[in-house]
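Biologist: I would like a close look at one part of this model: the surroundings of the ligand, and the helix packing that goes with them. Please take it step by step.

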Amino acid sequence: MVCVGLPGSGKSTWLARRGLPTISSDAMRQMLADDITNQDIHRQVFHAVRYMVRERLKLGRPVTYVDATHLTPSERKPYLEIGRNDGCRVEALFFDVPVEVCQKRNRKRGRVVPPEVIERMAAKLVKPTRREGFFKVTAVRA
Ligand SMILES: Nc1ncnc2c1ncn2[C@@H]1O[C@H](COP(=O)(O)OP(=O)(O)OP(=O)(O)O)[C@@H](O)[C@H]1O
Ligand SMILES: [Mg+2]
C-alpha cells in the first residue's frame, strides 16, 4: 500500500491509529542518520525503504504500508515495479486533503514543515490512478 499525500495530510496518524504494518521514510531517516528531518539522504532512504518492502514480501508478510508523500508517478513507479517482479498487488492510499487543511495541521504540530515547501509540494501533486498501474486507489478525506 503506497500512501500519497502532502505533509500534514494525516498519513502517519491514520496508519498509527489503525496499527498497520508501516515502513516510513521519516523513521528510515531517523534510523540511517539519527535525524528525522534530514532531507539530504533521499536516495539512501528510499533505497532502504524498498529493500525492506521486498524483504517483507520474501518473508511472506502479506501487507506493507509505505508512509511517505509519494506525490508523483515517478516516485510511485518503483513500488509498481516491485509488484510486477514479486507478483503482488500494489494499491494507493490517497490522502485527499485540501492544502489549506494540511497547512493548518502543520502549524499546530511539533515538527513544522515550512509553509512554502507545502505550497510547492501541492503544485507538484499528481493524484494516483489505476491507469498508472495501481490495483486499487482508495481515498482518505479530511
Ligand atoms: N484526521 C485528522 N483530523 C485532525 N487533525 C489531524 C488528522 N490527522 C492528523 N492530524 C494532525 O495533523 C498533523 C499532521 O498529521 P501527520 O503527522 O499524520 O501527517 P503526515 O501526512 O504524516 O505528514 P508528513 O508527510 O509530514 O509526515 C498532526 O498534528 C496530527 O495530529
Ligand atoms: Mg508522517
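Modeller: What follows goes from the ligand shell to the helix contacts. The model is a predicted one. Around ligand 1 there are 14 residues, and the closest are Pro7, Gly10, Ser12, Thr13 and Arg105. By class, this shell holds two nonpolar, seven polar and five charged residues. Two helices, α1 (11-18) and α5 (99-108), each provide at least two residues of the shell. The most comes from α1, which gives three residues.

Helix α5 also packs against another helix, α6 (residues 115-124), at an angle of about 155 degrees, with the axes 10 Å apart. Angles over 145 degrees count as roughly antiparallel, so α5 is roughly antiparallel to α6. Their crossing is right-handed. On the α5 side, the contact is made by Val99, Cys102, Gln103 and Asn106, which meet Pro115, Ile118 and Ala122 in α6. This contact has five nonpolar and two polar residues, and no charged ones.

Helix α3 (residues 42-58) and helix α4 (residues 73-86) pack at about 25 degrees, with their axes 11 Å apart. Angles under 35 degrees count as roughly parallel, and α3 and α4 are therefore roughly parallel to each other. The crossing of α3 and α4 is right-handed. Here Arg50, Val53, Arg54 and Leu57 of α3 meet Pro78, Ile82 and Asp86 of α4. The residues of the contact of α3 with α4 comprise four nonpolar and three charged, with no polar ones.

Note on methods. Residues are numbered from 1 along each chain as its sequence is written. Chains are lettered from A and ligands numbered from 1 in the order in which they are written. This is a predicted model: local features need pLDDT of at least 70, side-chain atom pairs count only at pLDDT 80 or more; totals for chains, interfaces and linings use all residues. A residue is near a molecule or strand if its C-beta atom, placed from the backbone, lies within 6 Å of it. Helices (H or I, at least four residues) and strands (E, at least two) are DSSP runs, numbered from the N terminus. Ala, Val, Leu, Ile, Met, Phe, Trp, Tyr, Cys and Pro count as nonpolar, Asp, Glu, Lys and Arg as charged, and the others, Gly among them, as polar. Axes are lines fitted to C-alpha atoms, for helices over the stretch in contact, and angles run from 0 to 180 degrees between N-to-C directions. Angles under 35 degrees count as roughly parallel, over 145 as roughly antiparallel, 65 to 115 as roughly perpendicular and the rest as oblique. A crossing is left-handed if the near helix is turned anticlockwise from the far one by less than a right angle, and right-handed if clockwise. Two residues are in contact if their C-beta atoms, placed from the backbone, lie within 7 Å.
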